[in-house]
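Welcome, and please open your viewer. We will go from stop to stop, and at each one you will hear what to select and what is there.

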Amino acid sequence: MNSVEDADVVVLGAGLAGLSLAARLARAPAGPRVVVVEPRTAYQDDRSWCFWQQEQHELSHLVSQRWPTWTFTDAAGSAVRHEVPALSYQYIRGIDFYSSAQTDIAQSPRVDLRLGVRAEMVSAVPDGVRVETSGGTLLARQVIDTRPRPAAAMLYQSFVGVEFECDGPHPFDPTEVTLMGSLAANEEGLSFVYALPLGPNRAIVEWTRFGTTPIKRELLAGELDHVLTGLGLDDVHRVRTEGGVLAMGRGRQTAPEIPGVVLAGNAGGALRAASGYGFLRIQRWAQVCTDRLLAGREAVGHPEEPWLRRTFDRIFLQAVRAHPERTAEYFLALARGVPPATLVRFLSDGARAADYAKIIFSLPWSPFIAQVAAPTAFTSASAAQALLVATPTATVCSGETQ
């Protein structure tokens, strides 16, 4: 018979969101009794998290690379270079984040991370929530569910990447990130190269596509091989690979709400609809949720998007979905027509009304005006999930790479 155990808080899933919350609670001198369950048995170096930030911040000790410049290039190689004083584009290696969080959790007597344990049925009971797991039953006052789940979405960002070493120097400037390189679009959607130079002979190169359905991992991997060959990198030593699918502009959850359960992570609204960025958004949520739990209050999910941001993102994604062949034009217009500081604020959730005005005036008007009153179009969750299930190597990221 399964054992039954009590906890104040149960966290389902120990990806980026679950670990960010658990590590903060573990570092507090006092707080609730927390159990975190995660089906994986060990962490791999399977993610790259990047964001814009000043030199010093709470996770600066985990940053392994910073770049002062980031570029956009069109299919012909014409480049637009951006930089913002006092800001850099920063990279945290997945395994470094996982290791740091696990160290914090291991030092706390109140936070218990249980790897190799899968959450199964979750149900409301008097005064709390019951969680059936592969390791027994947990009874909690509240549950924070960070597990990925399928949902209808306006677009999907599918990507695959490789970290490599080469004998000679690679073709990338070590001081700048190729944020969106070789931008091209057709009736199937947008494609671009994302490159992070980690040293004179080491880099990460990713191939990314935006479309109305997820792209199969093996198809993306073949296209990435072609990209590497074009860069003269077909014979490099491949250190590791990473990849995933980000649902952009998710529809409403169809699962019934359970009292005492809040959603977080990508399924709870962590990803920015128009960009796929989510790392800093998850860190902000984790801090707010930690503060509430330490004060004896209820946990919260990610805040609702402000009306202006939500409306702009919907119109932008609708325009991309309606005219996928023009998507490269849209992003290049932003890169060329919007001041770098404005664009970074937009991508980092700090845009002001004046910033949105600059962004709007940089874009072609007609395809966006046409979407103002248009009904939102989604790819159904079942259709997207069917494609992912048919692709065993595809994974849904617990955080974004870009």
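Before we start, a word on names: helices (H or I, at least four residues) and strands (E, at least two) are DSSP runs, numbered from the N terminus. This is a predicted model, in which local features need pLDDT of at least 70 and side-chain atom pairs count only at pLDDT 80 or more, while totals for chains, interfaces and linings use all residues. Residues are numbered from 1 along each chain as its sequence is written, and side-chain values use heavy atoms, with hydrogens and water left out.

**The whole chain**

Select the protein chain and colour it by secondary structure: there are ten helices and 17 strands. Its C-alpha atoms fill a box of roughly 65 × 55 × 45 Å along the principal axes. The radius of gyration is 21 Å, which agrees with the value near 21 Å for a compact globule of 402 residues; it is taken over C-alpha atoms, and the globule rule is 2.2 Å times the number of residues to the power 0.38. Of the 402 residues, 54% count as buried (buried means under 20% relative accessible area, exposed over 50%, partly exposed in between, with a 1.4 Å probe and protein chains only).

**Two aspartates**

Now pick Asp 127, in the loop between β9 (119-125) and β10 (128-133). Its phi is near 65°, a positive value in a residue other than glycine. Is Asp 127 buried or exposed? Asp 127 is exposed, with 80% relative accessible area.

Next, select Asp 349, in the loop between α7 (340-347) and α8 (353-362). Here phi is positive too, near 70°. Asp 349, however, counts as buried, at 17% relative accessibility.

**A buried threonine**

Go to strand β5 (residues 69-74) and select Thr 71. With a relative accessible area of 2%, Thr 71 is buried. Show its contacts (heavy atoms within 4.5 Å): leaving aside residues up to four places away in sequence, Thr 71 touches Val 80 and Arg 81, as well as Glu 176, Val 177, Thr 178, Leu 179 and Met 180.

**The cavities**

Rolling a probe the size of a water molecule over the atoms shows where empty space is left. On a 1 Å grid over the protein atoms alone, a cavity is a set of points where a 1.4 Å probe fits but cannot get out, and lining residues have an atom within 4 Å of a point. Grid points are joined across faces, edges and corners, and a volume is the space filled by probe spheres set on the points. How many cavities of 30 Å³ or more does the structure hold? There are three.

Start with the largest cavity, of about 240 Å³. Select Met 180, Ser 275, Tyr 277, Phe 331 and Leu 347, which lie nearest its centre among 18 lining residues. The largest share of this lining, three residues, comes from α7. By class, the lining has 15 nonpolar, three polar and no charged residues (Ala, Val, Leu, Ile, Met, Phe, Trp, Tyr, Cys and Pro count as nonpolar, Asp, Glu, Lys and Arg as charged, and the others, Gly among them, as polar).

Our last stop is the second largest cavity, with about 100 Å³ of space. Of its 14 lining residues, select the closest to its centre: Tyr 277, Gly 278, Leu 280, Leu 347 and Ser 348. Helix α4 (279-294) and strand β3 (48-53) each supply at least two residues of the lining, and α4 gives the largest share, four residues. By class, this lining has seven nonpolar, two polar and five charged residues.

Conventions: On a 1 Å grid over the protein atoms alone, a cavity is a set of points where a 1.4 Å probe fits but cannot get out, and a pocket is an open set with protein on both sides within 12 Å along at least five of seven lines; lining residues have an atom within 4 Å of a point.
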